[in-house]
Amino acid sequence: LLSSPEALTRAFAVLLVGHVAHKYPLHQTEGMVNLALLRMREAVESDNRTFLQATIPILPVVAVTFPKSGIKNSVSVAEQAVELLTMIRCESDSEGGGSTLDSIVEETFDKVMNKVLLLQGVATRG
């Protein structure tokens with residue numbers, strides 16, 4: 001599904017992988033999460049906003065599932081999620097910003113940071 005030529009199918013696959021990985025946080029599902037993040041990076045590069053709007057909300061789920069481990073150049077999934085959100089934000093800023101995508105990115109970035117920091121004991125619930 002992650003290799004489908006149809007963007008809607010790939011978006012569904014990214015969401016599915018995120019939820020399955022959260023339920024079953026195994027090395028194999030972590031590999032699938034890394035592939036899903038790759039598909040999201042490709043969507044940023046091709047400016048596929050519809051795909052990104054559908055898939056960005058899964059980032060806090062995968063970030064909290066794998067906050068300290070990852071495959072891509074030994075970068076954790078949580079760090080990859082932040083990197084991806086930063087890439088999207090930079091692309092959006094260069095195009096003028098102010099879109100629905102911007103608000104989704106901001107909301108998701110806050111969730112990723114809060115959940116991962118809470119998990120690591122750096123922050124406390126307020």
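**Exercise 1. Identify which residues of α1 are buried, and determine how they are arranged around the helix axis.**

*Solution.* In this predicted model, local features need pLDDT of at least 70, side-chain atom pairs count only at pLDDT 80 or more, and totals for chains, interfaces and linings use all residues. Residues are numbered from 1 along each chain as its sequence is written, and side-chain values use heavy atoms, with hydrogens and water left out.

Step 1. Helices (H or I, at least four residues) and strands (E, at least two) are DSSP runs, numbered from the N terminus. Buried denotes under 20% relative accessible area and exposed over 50%, with partly exposed in between (1.4 Å probe, protein chains only).

Step 2. The buried residues of α1 are Arg10, Ala11, Ala13, Val14, Val17, Gly18 and Ala21. They lie on the same side of α1, because their arc around the axis, taken from the directions from the helix axis to the C-beta atoms, covers only 160 degrees.

Step 3. An α-helix has 3.6 residues a turn, so residues three or four places apart point the same way.

Step 4. Leu8 and Lys23 are exposed, on the face of α1 turned away from its buried side.

**Exercise 2. Describe the packing of α1 against α2.**

*Solution.* Step 1. With contact meaning heavy atoms within 4.5 Å, the buried residues of α1 pack against α2 (27-45), α3 (49-55) and α4 (59-65).

Step 1. The axes of α1 and α2, lines fitted to C-alpha atoms over the stretch in contact, with angles from 0 to 180 degrees between N-to-C directions, come within 9 Å and cross at roughly 150 degrees.

Step 2. From α1, Arg10, Val14, Val17, Val20 and Ala21 meet Thr29, Met32, Val33, Ala36, Arg39 and Met40 of α2. By class, this contact comprises eight nonpolar, one polar and two charged residues.

**Exercise 3. State the secondary structure of the chain and its share of buried residues.**

*Solution.* Step 1. The chain has six helices and zero strands, in the pattern α-α-α-α-α-α.

Step 1. Buried residues account for 39% of the 126 residues.

Conventions. Ala, Val, Leu, Ile, Met, Phe, Trp, Tyr, Cys and Pro count as nonpolar, Asp, Glu, Lys and Arg as charged, and the others, Gly among them, as polar.
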